[in-house]
Amino acid sequence: MKNEKPPLPHVLELACPALPVVRIGLVGAGHRGLKALRRYADIEGAVFNAVADLDPTRLDEANQLLRTSGRPEADLMPGEEAWRMLCRRDDVDLVYICTEWDSHVDIATEAMESGKHVAVEVPAATTVDDCWRLVDMAERTRRHCFILENCCFDPFALQTLALARQGRLGDITHCEGAYIHNLRDTFGLTDAPVGIRRAWMERRCALHGGNPYPTHGLGPAALLTNLHRGDRLDYLVSMTTAGHGPDGLIGKVNTTLLRTAKGVGILLQLDLTTPRPYSRLQTACGTDGFVQKYPCPTVELLGMDDALTDTAALDFMAQARIDGVSDLIDEGRRRGTENVMNFTMDARLIYCLRHGLPLDLDVYDAAEWSCIAELSELSAREGSRPVAIPDFTRGRWDVVRGHRFATA
């Protein structure tokens, strides 16, 4: 699992020439792809020039969305090789990947090889080797590889990050993140109708022996702990409980513990089939404070007489802001966008590309977070054996000190 290649110049805080208008080619017009097309109606400075998908009916739906919002129609590219032709188009700057997981890396590397920037849905890769492929290609081509982890742009997560940057939490010692979402009906395990377009993802998670979908929980914790920006993931241990029902799928839960080089602990959980209420935990513990979004928003800082909960906690957190990001959250709410954290993620991506700035998330984030899928399964399969986590920066994890959201 080590990559022994001689190091190329790193792409930490990579800045590329500004793009006045970002010309996008979308690969995958399924559930996530169509949602992206819909929300980009509210984002200035971006145009979809091409959409590729195996299913022509989805392509028709994509252009219908563009027409309805008054935007120019895209060139429709059906077929198994359409993604490859899209990556090579001269009128595409950014390849936006919303396909099935196993295809992410092939499309992303082809796009970067063709001189395009990449935005890729989560997880960016499913194996450690493929994570290295992303890093190697990004370093060789010096193209952006942005992981579309919307939970990093959750308003409460950003407010927690702002509070930490103000020093209100002290030194971060422990974080928790999760994807706890009862999706058992879409697995085909009950009599409820199966959502054909999405069921592959849920069943893929259920059949996995570890945590194949770690980035929702890990992303916000990674920014809080400055992973590859002053600290790095060291090793993990993982355990998957036995389920029941068909193939033992119902009730199976994965718990993974990660330790950073500086001794910070991160707990991740995945649970898609039990009746637990939806939660991503979003918990940050520091020497001077505690913040948690789920199950009840809670803030307790040194000097407070009592912990703040529910509305009082939300009102307090709303005062913590980050330049260049919090204003986009406000704009998304004013526009009534369907999902504010998705809007903020994409608006920041386009803003940074248009101004030639480093992106908020980079290829090392994509690799570090996504590699947990294979490594958690390995640890769980071997009796929760500690498993080392690769340093995808090849020793340069403390060259940059602290995560930042760049502004022009």
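Which residues of α6 are buried? The buried residues of α6 are Pro155, Phe156, Ala157, Leu158, Gln159, Thr160, Leu161, Ala162, Leu163 and Ala164, where buried means under 20% relative accessible area with a 1.4 Å probe and protein chains only. The structure is a predicted model, in which local features need pLDDT of at least 70 and side-chain atom pairs count only at pLDDT 80 or more, while totals for chains, interfaces and linings use all residues. Residues are numbered from 1 along each chain as its sequence is written, and side-chain values use heavy atoms, with hydrogens and water left out.

The protein as a whole provides the setting for this helix. Its secondary structure comes to 13 helices and 15 strands, taken as DSSP runs numbered from the N terminus (helices H or I, at least four residues; strands E, at least two). The radius of gyration is 21 Å, close to the 22 Å that the globule rule gives for 408 residues, so the protein is as compact as a globular protein of that length; the radius is taken over C-alpha atoms, and the rule is 2.2 Å times the number of residues to the power 0.38. Along the principal axes, the C-alpha atoms fill a box of roughly 60 × 55 × 50 Å. Of the 408 residues, 59% are buried. Among contacts (heavy atoms within 4.5 Å) with a separation of 6 or more, 72% join residues 24 or more positions apart.

Helix α6 can now be considered in detail. Because 10 of its 11 residues are buried, α6 is largely enclosed by the rest of the structure. At its start, a side-chain oxygen of Asp154 reaches to within 2.9 Å of the backbone nitrogen of Phe156. After the helix comes Gly167, whose phi is positive, near 85°.

Empty space is the next topic. Rolling a probe the size of a water molecule over the atoms shows where such space is left. On a 1 Å grid over the protein atoms alone, a cavity is a set of points where a 1.4 Å probe fits but cannot get out, whereas a pocket is an open set with protein on both sides within 12 Å along at least five of seven lines; lining residues have an atom within 4 Å of a point. There are 4 cavities of 30 Å³ or more. The largest contains about 190 Å³ of space, and of its 21 lining residues the closest to its centre are Glu13, Leu14, Pro358, Leu359 and Asp362.

At least two lining residues come from each of α6 (155-165), β7 (172-180) and α8 (215-224), and α8 gives the most, with 6 residues.

Both helices also take part in the second largest pocket, whose lining receives at least two residues from each of α6 and α8. This pocket has a volume of about 360 Å³, and the closest to its centre of the 18 residues that line it are Leu224, Thr225, Asn226, Arg229 and Asp231. The largest share of the lining, 3 residues, comes from α6.

Elsewhere, Asn49 lies in strand β2 (residues 46-53). Asn49 is buried, with a relative accessible area of 19%. Not counting residues up to four places away in sequence, Asn49 touches Arg23, Ile24, Ala74, Asp75, Arg89 and Asp91.

Definitions and conventions:
Grid points are joined across faces, edges and corners, and a volume is the space filled by probe spheres set on the points. Buried means under 20% relative accessible area, exposed over 50%, partly exposed in between (1.4 Å probe, protein chains only). A polar contact is a pair of N or O atoms within 3.5 Å; within protein, one must be able to donate a hydrogen and the other to accept it, and residues adjacent in sequence count only if both atoms are side-chain atoms.
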